[in-house]
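Please look at the sequence and the model first, and then read on.

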Amino acid sequence: MYDDILLPTDGSKGTTETVEHAIAIARDNDATVHALYVVDSRRYRAADADTKDEIVRSLEVEGERAVEDLEVALGDEGLAVETRLRDGIPHREIVDYVEEAGIDLVVMGTHGRTGRDRVQNLGSVTDRVVEDVGTPVLVVDIGD
């Protein structure tokens with residue numbers, strides 16, 4: 001049912017449960033897991049010219065570390081893994097990658113906000129991906 005699973009990451013440590021879900025689904029379906037980190041261009045666009053390159057490089061190093069960690073964890077489980085680093089606005093890059101790579105399922109985390117807190121935080125990457133992508137999305141509550 002699923003041949004290619006996308007596991008976007010922001011490099012945070014709270015994604016263990018999300019990774020566990022992706023591993024179980026990939027194992028059950030003999031699927032390839034695509035680990036994707038998006039260097040958020042909004043974080044450096046307004047920077048001064050003399051600091052912009054340093055900020056970009058720092059974000060790239062963070063992203064490389066994040067996808068390498070996933071590559072090791074997924075590889076240790078015997079899964080086929082592809083890693084990608086992209087630059088842009090995270091939810092847009094995730095949606096574009098889903099279409100370009102023929103992704104069958106996206107597995108990503110959210111902080112599980114409800115009520116007023118959820119309304120105040122609309123616009124999270126996960127919310128926007130769910131709204132914009134034409135592929136099933138498994139949203140894993142990773143808590144706060």
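The model is a predicted one, in which local features need pLDDT of at least 70 and side-chain atom pairs count only at pLDDT 80 or more, whereas totals for chains, interfaces and linings use all residues. Residues are numbered from 1 along each chain as its sequence is written, and side-chain values use heavy atoms, with hydrogens and water left out.

Strands (DSSP runs of E, at least two residues) and helices (runs of H or I, at least four) are numbered from the N terminus, and two strands pair if DSSP finds at least two bridges between them.

| Strands | Sense | Bridges |
|---|---|---|
| strand 1 and strand 2 | parallel | six bridges |
| strand 2 and strand 3 | parallel | nine bridges |
| strand 1 and strand 4 | parallel | two bridges |

Within these pairings, Pro8 has Leu36 of strand 2 as its bridge partner, and His34 stands opposite Glu82 in strand 3. The open sheet has five strands in the order 3-2-1-4-5, with parallel pairing. Strand 3 and strand 5 stand at the edges, each with a single partner strand, so one side of each has no neighbour in the sheet.
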